[in-house]
Amino acid sequence: MSLNLKTYTEHFTNPLYLESGRILEPYDITYETYGELNDDKSNVVVICHALTGSHHCAGTYDGDKKPGWWDNLIGSSKAVDTDKYFVICTNVLGSCFGSTGPMSPQHPHHNPYRYKFPVITIKDMVKAQRILFDKLGIHNVHAIIGGSMGGMQALHFAIHYPDFASKIISLATTHATQPWAIAFNKISQEAILKDPDFKGGYYESSEIAKSGLSGMAVGRMAGHISFLSPESMQSKFGREYRGTDGLYELFGKFQVEMYLEYNGYNFTKWFDPLSYLYITKAINIYDLSRGFDSLGEALQKVNAELHLISFSNDLLFRSHEMKEINDTLKAIGYKNHNYLDVQSDYGHDSFLVEVDKFEKYIKDVLNG
Ligand SMILES: CC(=O)SCCNC(=O)CCNC(=O)[C@H](O)C(C)(C)COP(=O)(O)OP(=O)(O)OC[C@H]1O[C@@H](n2cnc3c(N)ncnc32)[C@H](O)[C@@H]1OP(=O)(O)O
Ligand SMILES: N[C@@H](CCO)C(=O)O
């Protein structure tokens, strides 16, 4: 069957009360749907995206080179089967693909918010999605699935909206962002802030899309290292050297250097620097137990069937961080959960590239 890909933007005029105490008003949420909503609205699967993802998680727009970021998982007869499920993926607040973010006009003016944009938390991102689903008449969903920052959102749904989803699958994430991950984000943030072409936040988006932003590119290179692992770099590049420039030429490069340059500089053409600052901030301050006395107290709220999937060689959010959630659930006597540590050498981005290692698990959870 066809994927039935549709993209929408919903405009909200009611204030959104943020965790910080600030208010966002008005705001937009852009989202994409696949498949068909059934009559009793019981077949909804929500997908939550990571740091630089978007609502476009499957299928291809006309003229696109690449499909959505989880196209290997979502589609007709795939693990998240769009012949069966109505899939919704929203672009988070603070991002730059249609939902309100720092470069959106600050109502009632037409100028972008830039630094006047409020700090958004993972809890705020989830709250806005919940409001969107209410507006769509969807008050319960079959499942919520997300990796990395998407996994943080999935866990927030589990705690703050315990009866909203029957099943929750959270991959490659943590219960609270640890100093190692914050440190990588710090490099990216500092590199953006200190780039003269960032102009203290007063850059023109069109100029950056055309000429790039070298500070942001360098910061993303550091981030990208944290998405891989020594083993995946070894198998991707080894010590292969670029043929045209000799070993004794100062700027001759190893393949791994070419890879980081390409992915760093290319990134600045499709992602907004202020959004990067705001979303990495949301990731840094993410802590599932905020507002509770302990992680255990937070997890006592969970009512869904909860599945935790880590990747054995994830250097960004280590397996043991996910296992801590599992151990805490056990300690508080919660029975309806399972933990899977997928054996992988790839690193953090396994959840994007090694779908073959966990798709059956997801299919069984959804259909089981
Ligand atoms: C999770 C979400 O919600 S969405 C976010 C997903 N997107 C990102 O993470 C953005 C960054 N992208 C990536 O990290 C990767 O492309 C992934 C993880 C999405 C996919 O990984 P892979 O399919 O293994 O791609 P790979 O890492 O080999 O290649 C990435 C790019 O580097 C290029 N590349 C690969 N090897 C080299 C090299 N030696 N020299 C220069 N460029 C290279 C590829 O051609 C590709 O370019 P493209 O993006 O223009 O097609
Ligand atoms: N590489 C992915 C996952 C990061 O956690 C991204 O950039 O969104």
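This note walks through the model point by point, from its domains to its pocket and annotated sites.

1. **Ground rules.** This is a predicted model, in which local features need pLDDT of at least 70 and side-chain atom pairs count only at pLDDT 80 or more, while totals for chains, interfaces and linings use all residues. Residues are numbered from 1 along each chain as its sequence is written, chains are lettered from A and ligands numbered from 1 in the order in which they are written, and side-chain values use heavy atoms, with hydrogens and water left out.

2. **Two domains.** The domain assignment gives domain 1 (6-177 + 287-367) and domain 2 (182-282); such bounds come from an automatic or database assignment. Their centres, taken over C-alpha atoms, are 26 Å apart. Where they meet, 29 residues of domain 1 and 30 residues of domain 2 are in contact, contact being heavy atoms within 4.5 Å.

3. UniProt, in an unreviewed entry, lists "domain: AB hydrolase-1" at residues 43-212. UniProt positions follow the numbering used here, feature names are shortened, and annotations may be inferred rather than shown by experiment. Over residues 43-212 the chain is 28% helix and 16% strand; helices (H or I, at least four residues) and strands (E, at least two) are DSSP runs, numbered from the N terminus.

4. **The cores.** Which residues have the most contacts inside the largest nonpolar core? They are Leu24, Ile144 and Ile168, in a core of 71 residues. A nonpolar core is a set of buried Ala, Val, Leu, Ile, Met, Phe, Trp, Tyr and Cys residues joined through side-chain atoms within 4.5 Å. Buried means under 20% relative accessible area, exposed over 50%, and partly exposed in between, using a 1.4 Å probe and protein chains only. Because domain 1 and domain 2 both give residues to this core, it lies between them. Apart from this core lies another, of 30 residues, including Tyr34 and Ile362. Back in the 71-residue core, Ile168 touches Ile144, and its other contacts include Phe157 and Leu306.

5. **The largest pocket.** About 1500 Å³ of space lies here. On a 1 Å grid over the protein atoms alone, a pocket is an open set of points with protein on both sides within 12 Å along at least five of seven lines, a cavity is a set where a 1.4 Å probe fits but cannot get out, and lining residues have an atom within 4 Å of a point. Grid points are joined across faces, edges and corners, and a volume is the space filled by probe spheres set on the points. Of the 49 lining residues of the pocket, the closest to its centre are Thr52, Lys66, Trp69, Arg220 and Trp270. Helix H7 (255-270) is one of the elements that supply at least two lining residues, and H7 gives the most, with 6 residues.

6. **The annotated active site.** UniProt's unreviewed entry places "active site" at Ser148, Asp314 and His348. Why do they gather at one spot? They span 201 residues in sequence, yet no two of their C-alpha atoms are more than 10.5 Å apart. Ser148 and His348 are among the residues that line the largest pocket. His348 is in the loop between S12 and H11 and is buried, with a relative accessible area of 1%. Its contacts beyond four places in sequence include both Ser148 and Asp314. Asp314 sits in the loop between strand S11 (305-311) and helix H10 (319-331), and it too is buried, at 1%.

7. **The annotated binding site.** The unreviewed UniProt entry gives "binding site" at Arg220 and Asp349. Though spread over 130 residues of sequence, they cluster in space, with a largest C-alpha distance of 14.1 Å. Both Arg220 and Asp349 belong to the lining of the largest pocket. Is Arg220 buried or exposed? Arg220 counts as buried, at 8% relative accessibility, and its place is in helix H5 (residues 214-227). Asp349 is buried as well, at 13%.

8. **One cavity.** The search of the whole structure finds 1 cavity of 30 Å³ or more, and the volume of the largest cavity is about 70 Å³. Its lining includes Ile122, His156 and Tyr286. Ile122 is in helix H1 and buried, at 1% relative accessibility; among its contacts beyond four places in sequence are His156 and Tyr286.
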